[in-house]
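Let's take a friendly walk through this protein, starting with a pair of helices and moving on to its aromatic rings. Have a look at the structure before reading on.

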Amino acid sequence: MAGIEIESGRARTEPELEAAVSGARERLGDALAELDGPPAAGFLSVPHRSDLLREVRRFVRARPADLTDVVQLGIGGSSLGARALCRALLAERHNQTVRRPGLRFHLPDNIDPDSLGELFEMLPPRRTLVHVVSKSGSTLETLAQLFALIESFRRRDGRGARALRGRLVVTTGASGALREFADQEGAARLTFPDDVAGRFSILTASGLLLPALLGVPVGRVLAGARAMEARCRAEPGGGIAGTLAALHHAHDTVRGRRIHVEWIYADALLPLGDWFRQLWAESLGKRGRGPTPVVARGTTDQHSQLQLYTEGPDDKLYTLVAAGRSTRRVRIGRDATLAAIAGRSLREVFEAEERGTLEALIEKRRPLIEIRLPRISPDSVGQLVGLQQLQTALAGALYEVDPFDQPGVEAGKRVALRILERGAG
Ligand code: PA5
């Protein structure tokens with residue numbers, strides 16, 4: 001398996017930073033071994049759990065034959081992982097080009113009535129598989145999505161709505177409202193391990209079922225994550241995951257660079273950027289601490305953000321994520337009126353632009369990390385996921401926060417519930 005390459009030298013240009021990074025690496029010491037115990041153990045064990053993968057594969061094999069669509073209901077950690085893997089590992093226009101028995105997929109990740117209502121109206125009630133994901137089983141948005149979908153199906157096709165039973169699959173924890181509903185409906189159930197926090201669930205059925213249903217070899221994603229874990233365990237201080245955690249922490253605490261920009265040069269990886277943005281923010285933003293993650297798109301944001309990033313305040317650390325070797329060769333005609341691009345490929349232009357961003361940031365002495373995937377594949381995406389999960393867990397140790405809880409999110413959920421209950425009374 002070709003390893004992803006990480007270059008972090010350009011983020012340690014000052015002696016004071018270099019010392020802070022070394023200090024943090026030392027502090028991390030055996031941090032990776034410590035993650036083997038609770039409460040982190042769950043997310044580290046997932047790529048090794050063949051029982052979880054078997055469960056997913058069994059469901060894929062037994063899925064009803066007459067489907068055209070699959071929709072995943074859920075929010076945050078119960079949605080972003082599946083979306084990231086589907087977008088990274090399927091064709092950009094999968095839904096427009098897929099032929100039966102292939103499935104179209106939908107991950108609304110919200111409850112905006114306009115967009116959700118439109119989606120529900122176009123889903124065929126008797127040919128849609130519904131995957132509901134919620135660890136707690138009580139998240140308002142997810143339950144609202146589910147019962148609004150059932151209502152929409154019922155209005156359009158009463159019998160079709162009743163037949164949802166055979167096309168409902170639920171990934172949830174051991175108890176909760178969703179679990180009860182699933183049992184009552186006789187729905188298929190997949191495991192949401194109790195010791196895995198929502199945003200660390202990408203390698204469970206929460207993130208894997210949809211891509212597996214769509215033909216992605218998810219076993220290779222898990223293999224990539226395991227390979228990255230082994231790579232990081234082979235060095236003290238968590239290897240490259242420890243170095244990245246230490247760099248981000250040092251730039252934040254020593255230099256006040258609290259904004260972490262992940263600049264992605266591959267459209268297929270953008271939703272993975274959104275997944276990491278949530279992982280980084282929700283895991284580390286606690287006790288008055290925590291960096292602010294931002295996702296930028298190359299080349300688009302060169303014409304939106306680059307001016308600010310090169311000549312604005314020096315309060316950011318940049319991570320450029322790029323992938324080599326595209327599957328498509330798109331040529332620019334020799335008759336192009338700009339000689340510099342005539343006869344070239346789009347990749348050459350894309351890479352020149354990426355180089356331009358890199359050089360512009362270096363010239364202004366902005367700190368920069370580079371992550372390069374040999375190409376976008378299940379293995380390399382698994383490695384990146386494994387790396388970013390480990391990096392986040394280790395950064396939790398440096399920030400001295402629990403990266404696996406989310407008290408602020410829970411508080412918001414309680415307020416929304418109170419408001420609705422008051423209205424209902
Ligand atoms: O990462 C988290 O814990 C959160 O983002 C949750 O995934 C999100 O709030 C949804 O929670 P649940 O899976 O319980 O429905």
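Predicted model: local features only at pLDDT ≥ 70, side-chain atom pairs only at ≥ 80, totals over all residues.

Helix H14 (residues 270–284) packs against helix H17 (residues 378–399) at an angle of about 15°, and their axes are 10 Å apart. The two helices, H14 and H17, are therefore roughly parallel to each other. The crossing of H14 past H17 is right-handed.

Which residues touch? On the H14 side you will find, among them, Leu-272, Trp-275, Phe-276 and Leu-279, while the H17 side includes Val-381, Leu-384, Val-385 and Tyr-399. Sorted by class, this contact has 11 nonpolar and 6 polar residues, with no charged ones.

Now for the aromatic rings. A pair of rings is described by the distance of the centres and the angle of the planes. The whole structure holds 9 aromatic pairs. In one of these, the rings of Phe-43 and Phe-200 have centres 4.8 Å apart and planes at 45°, so this pair is tilted. Phe-43 belongs to helix H3, whereas Phe-200 sits in the loop between strand S6 and helix H11, 157 residues apart. Phe-43 is buried at 4% relative accessibility, and Phe-200 is buried at 2%.

Compare Phe-147 and Phe-181: their ring centres are 5.0 Å apart with planes at 75°, so the pair is edge-to-face. Phe-147 lies in helix H8 and Phe-181 in helix H10, so the pair ties together parts 34 residues apart in sequence. Here Phe-147 is partly exposed at 41% relative accessibility, but Phe-181 is buried at 11%.

Finally, look for one aromatic cluster formed by Trp-263, Tyr-265, Tyr-309, Tyr-318 and Phe-350.

Terms used:
Residues numbered from 1 in each chain as written. Heavy atoms only, no water. Axes fitted to C-alpha atoms, helices over the stretch in contact; angles between N-to-C directions. Helix = DSSP H or I, 4+ residues; strand = E, 2+ residues; numbered from the N terminus. Parallel < 35°, antiparallel > 145°, perpendicular 65-115°, else oblique. Left-handed = near helix turned anticlockwise from the far one by under 90°. Contact = heavy atoms within 4.5 Å. Nonpolar A, V, L, I, M, F, W, Y, C, P; charged D, E, K, R; others polar. Phe/Tyr/Trp six-rings, centres within 6.5 Å; stacked < 30°, edge-to-face > 60°. Buried < 20%, exposed > 50% of the residue type's maximum accessible area, 1.4 Å probe, protein only.
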